[in-house]
Amino acid sequence: MNEKPDAGRKKEEAWDQLTGLLKKDIAEAQIISKMREERGGALFLCDVVHMKQINEQYGHQMGDECLKQVAQILSYMIRPNDILGRCGGDEFVIFMPECHDMEQAQEICRRIQERFHASRGKGRCSLSLTVVWELRKMGNTYQKLFERAWEKLEQQKGTLDIAKTKNRKREDHYIADVRQVQEELTEEIQKQEAYCQDYETFKSIYRFLERGIARSGQKACVILLTVVDGQGKNPLPYEKDVLMEQLGKDIGITLRLGDVYTRYSSSQYLLLVIDTTEGQADRIVTRIRERFLDGRQGEDVLIHHCYELQSARYKKTTG
């Protein structure tokens, strides 16, 4: 248990106001006094991991609450003859006069770290401690014991920083991968026209949209455009290619950037028009027809059929 400070000193001069633990100089004085009485003992230094990040992310008020929590947990874990104090902003010192060997010291470190690991996730910020120990040797002063423990703490924190740097480099590598993926997938649009694709790609886009339409609630309409002559028959072969090339251009210009179309047959185009109902699709076809037939002297006719896209349904299996 922490000893009471000298009666001649005011209470607020001996105890840390934030954590309620002994201040650094009082803790040191009590440890030195205890070392005169005891031959053995071990000194433990505890450092709160990522305290700076906690203050930056949640504010110093939350950081103070974390330090209070650390002090409370450590005070539960010491024995009556142990001395516990706050020796820095986020460092704590414990002297255990009854700890005499390496295995015992390692076990105490393990218990402290496990206790804080078990408390993670119970508050807004997760607490973790770096804990080191140093056994008292014959002739050691408190200053010498503290210096050895502090050096060990700095080495341990340096190891954590190296690991954090490696993780950051690994994350940077992943970020570079994401940027490369974005660059590879992003389309550089040359013209403000609809998306012309081969039939297989068109089918994949159709099915992707069909799967997601129930969740998104998006409307879409499929239009089949067919070019016929005045008698309702296919145009002559030598005329068909010219007509279909012109129709493709007219479709691309008339549709919006997010719409898709494809050549379906020698005289037909399929259109997938987003955010469109059947009534709106009729008006879109009217604009395409007007553009396609503008100034044409022949008797070619453009006919269309359309339907609204429905969400995909599971196919029922039998047997």
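**Notes on a predicted model**

1. Let's start with a charge and a ring. The charged end of K152 sits over the ring of W133, and its distance from the ring centre is 4.4 Å. Please keep in mind as you read on that this is a predicted model.

2. Now for the aromatic rings. Y142, F146 and W150 belong to one aromatic cluster. By the pairing rule used here, which asks for ring centres within 6.5 Å, the model has four aromatic pairs. One of them is formed by F146 and W150: the rings are 5.9 Å apart, centre to centre, with 15° between their planes, and the pair is stacked.

3. How many residues apart are F146 and W150 in helix 6? They are four residues apart in this helix, which covers residues 142-185, so about one helical turn separates them.

4. Is F146 buried or exposed? Its relative accessibility is 11%, so F146 counts as buried, the cut-off being under 20%. W150, with a relative accessible area of 29%, is partly exposed.

5. Next, have a look at helix 3, which spans residues 51-58. Its buried residues are M51, I54 and N55. Why do they lie on the same side of helix 3? Because they cover an arc of only 95° around the axis. Turn to the other side of this helix and you will find K52, E56 and Q57, which are exposed.

6. What covers the buried residues of helix 3? The cover includes strand 1 (42-48) and helix 4 (60-77).

7. Finally, the strands. Strand 5 (residues 195-196) and strand 7 (residues 260-265) run parallel, joined by two bridges.

8. A hairpin of two residues makes the link from strand 7 to strand 8. Which residue of strand 8 does R263 stand opposite? That residue is Y269.

How values were computed:
Residues are numbered from 1 along each chain as its sequence is written. This is a predicted model: local features need pLDDT of at least 70, side-chain atom pairs count only at pLDDT 80 or more; totals for chains, interfaces and linings use all residues. Side-chain values use heavy atoms; hydrogens and water are left out. Buried means under 20% relative accessible area, exposed over 50%, partly exposed in between (1.4 Å probe, protein chains only). The arc is that of the directions from the helix axis to the C-beta atoms. Contact means heavy atoms within 4.5 Å. Two strands pair if DSSP finds at least two bridges between them. Rings of Phe, Tyr and Trp (its six-membered ring) pair if their centres lie within 6.5 Å; planes under 30 degrees apart count as stacked, over 60 as edge-to-face and the rest as tilted. A charge sits over a ring if NZ of Lys or CZ of Arg is within 6 Å of the ring centre and within 35 degrees of the ring normal.
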